[in-house]
Amino acid sequence: MKKLLALAVSSALLVTACTGGDRTSGLQKTAASATVTEGNPLLVASTLQYQSPDFNRIDDAHFMPAFEQGMAEQMAEVNAIISQTGSASFSNTIVALERSGELLKRTQDVFFNLSGTDSNAKRREIQSEMAPKLAGHYDNIYLNKALYKRVAEVYDQLNALNLSAEEKRLTEVYYKNFVRAGAKLTESQQKEIREINAALSSLTTQFSQHLLAMSKSNVVLVKDKAKLAGLTDAYIAQLAQAAEQAGHPGQYLIKITNTTRQPILAKLKDRQLREQVWRASAGRGLAGENNNREIVAQLAQLRAKKAALLGYQSWAHYGLDAQMAKTPTAVYDMFASMVPALLKNVEAEAQAIKDKIRATGGDFELAAWDWLYYADLVRQDKFDLDESEVKAYFEFDRVLEDGLFFTMERLYGVTFKPRTDIPVYHPDVKAYEVFDADGTSLAIFMADYFAREGKRGGAWMSSFVKQSGLDQKRPVVVNVMNIEKAPEGQPTLLSYSETTTMFHELGHGLHGMLSQVKYPTLSGTSVSRDFVEFPSTFEEDWAIHPEVIKNYAKHYQTGAAIPKALLEKVIASRSFNMGFDTLEYVAAALLDMEWHALAADAPLQDLVEFEQAALSKHGVNIDYVPPRYKSAYFAHSMGGGYSAGYYAYMWSEILAADAFAYVQSQGGLNRKIGTHYRKNILEVGNSRDLMESYKAFRGAEPTTEALLKRRGLNVAP
């Protein structure tokens, strides 16, 4: 795979943006709750279909008692495993661990999903209080030497035991998790690990809560409508509605999205306002009550110290050891091989933009807040493409029902039936039951697509209930995005990028909903970070597949299909601005890796100075192409989920492009190849080696040709 990636990145440029949700696997439990507090719905399994949470009954006051009781119950179960007099076996140790902690897992899944999608002051308070407690609880499990001894006893007998392939895989995963947590360390080293884990938990919670607070407070208010020149009337109406809802009637409120790039900059003619919006974005988290500057430096240092205690050179070495990439060198080589060609691409794009600035009477140097606006003008010259004209053919409901759902039925035989009787956690959320081709019920899917106060930025998939053959659980999965909802009575029209993101996230969703493994620790999306984005990226390209787009891309007023000429322009324009798009991604990925390549004895870093030095080191410090995320609001990296792992989007895209090309060679959108992909990729989770799963589907390891074509790049002879 390393050789493959080296070949790929010498020519290929990547553009993928997804915020993966929390997809960590947890421990399950067998015994019923010993003590049940009357009236708390979290303390017993929901009686709704597939144990879907009963949001009509769940109150914030229920969480703390459920957390406390859940931790106590799991520790009692762990102590029961340890106190057994007989020798350790797969059944009495590994399976017993897998079954433990049902109440705690149920509480966590509900609470942390709500904290990300529908936060409030009370939930933030609970999160702050519980973060170090949960870190300590899991340390009490994974740093327990007596428990580790039993797990190691089973692991050491793997080849002698009559275990299935999945049972061996589960044992290996548990053993490695214990070792990576520090189970082999001395008592004094474990004490230090515990202290670091508690501090990391508190800091990542603070970081995330600061981002959430900034999503509300860090906005740009405009009083003069004339400054919004370039925006459509519908867009201006959305800004007015946002201001009204925020208590600023008569004004216009521009929300700052999660990335450095702000989409509105592509249309705003007023350069002063563009700069104001860009600075509000790029300067987030550097000062004030939501300052993340010191938190980032502390997180990097603490992670480095933890890695050193565990015997690793850096946190990046620790993190990548469990991924397909294996070493930071493989990641650095991947990016280094692409930078020269990438910079040439950026230089050409920048020159075209500078020429456009001069041609339109501009007398200033190109700055970051100018790029999107003038790039859009260049794009219009090149493709004569009007974004508002394109959006008219991507109405939200049609995209969802006639695009996503249509594709999933044709490819996998699954259908989505609305379930208005299943409680949801917000009026904007819709519930669906997912059925197989033979009518078998598979899962509950919740669709939460619209932006609102209390929801963190980005897009992700998560689970309220994970699939488990061990106790016959079917999954309850949610897709989350931040699409700006149109004012009441008007249709919500999407960009093509938002459309492909919907396909992407449902790819994650299907990975969770179609899982068919026995053990929940191995089910669904519980795979390495540099594999988990493969099934989601694979689904993106169906958005532009001729048969699919013909079915859903219809004018929201007339119902007419998108004209062939316009569609061809959309397809052709996909590779436009590729240098900018890729460089901002690469810069962010390198920042993530550099922060986590710090040694344990490195001093605390100044955030701004470190960023400049890291980008300059790799030759990507270009003022007008800033990183997709800067460190102070880099949730992937500093929030913990993708620390030293943001590179994974590129790694996964090679798999996705190769897989999609192979499917096209097998007839494209048809049930036969879809079933083959479903069986070998979506259903097996982490129950076997991930490359073996890919080869079982494809018949070989991936090649790079499809990626080059996907990126619209020329292949050298």
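Analyst: Gln 51 sits in the loop between α1 and α2; helices here are DSSP runs of H or I with at least four residues, strands are runs of E with at least two, and both are numbered from the N terminus. This is a predicted model, in which local features need pLDDT of at least 70 and side-chain atom pairs count only at pLDDT 80 or more, while totals for chains, interfaces and linings use all residues. Residues are numbered from 1 along each chain as its sequence is written, and side-chain values use heavy atoms, with hydrogens and water left out.

What stands out about the backbone at Gln 51? Its phi is near 60°, a positive value in a residue other than glycine. Most residues other than glycine have a negative phi. Tyr 50 is found in the loop between α1 (2–9) and α2 (63–82), and its phi is also positive, near 55°. How buried or exposed are these two? Gln 51 counts as partly exposed because its relative accessible area is 25%. Tyr 50, at 22%, is partly exposed as well. The cut-offs are under 20% relative accessible area for buried, over 50% for exposed, and partly exposed in between, with a 1.4 Å probe and protein chains only.

Now step back to the whole protein. There are 28 helices and seven strands. Of the 717 residues, 59% are buried. The C-alpha atoms fill a box of roughly 85 × 60 × 60 Å along the principal axes. The radius of gyration is 25 Å, which agrees with the value near 27 Å that a compact globule of 717 residues would have; this radius is taken over C-alpha atoms, and the globule rule is 2.2 Å times the number of residues to the power 0.38. Among contacts (heavy atoms within 4.5 Å) with a separation of 6 or more, 78% join residues 24 or more positions apart. The accessible surface comes to about 28100 Å², and 50% of it belongs to carbon and sulfur atoms; such areas come from the Shrake-Rupley method with a 1.4 Å probe, and for residues only the protein chains shown count as cover.

Next, the inside. In soluble globular proteins, nonpolar side chains tend to be buried together. A nonpolar core here means a set of buried Ala, Val, Leu, Ile, Met, Phe, Trp, Tyr and Cys residues joined through side-chain atoms within 4.5 Å. The largest one has 166 residues, and those with the most contacts inside it are Phe 335, Trp 371, Phe 445 and Phe 538. Helix α22 (residues 578–595) gives the largest share of this core, eleven residues. Arg 180 is in helix α7 (residues 165–181) and counts as buried because its relative accessibility is 18%. Its side chain reaches the backbone oxygen of Tyr 318 at 2.9 Å. Leaving out residues up to four places away in sequence, Arg 180 touches Leu 310, Tyr 312, Tyr 318, Gly 319, Asp 321 and Ala 322.

Arg 410 is in helix α17 (residues 396–412) and, at 31% relative accessibility, is partly exposed. What does its side chain hold on to? A polar contact of 2.3 Å joins the side chains of Arg 410 and Glu 547; a polar contact is a pair of N or O atoms within 3.5 Å, where within protein one must be able to donate a hydrogen and the other to accept it, and residues adjacent in sequence count only if both atoms are side-chain atoms. Beyond its neighbours within four places in sequence, Arg 410 is in contact with Glu 547, Leu 669, Asn 670 and Arg 671. Phe 364, 46 residues from Arg 410 in sequence, is 52 Å away in space, C-alpha to C-alpha.

Finally, a pair of strands. Strand β1 (residues 219–222) has a covered face made of Val 220 and Val 222, while Val 219 and Leu 221 are on the uncovered one. β1 pairs with strand β2 (residues 252–255) in the antiparallel sense over four bridges; two strands pair if DSSP finds at least two bridges between them. In β2, Ile 254 is the bridge partner of Val 220.
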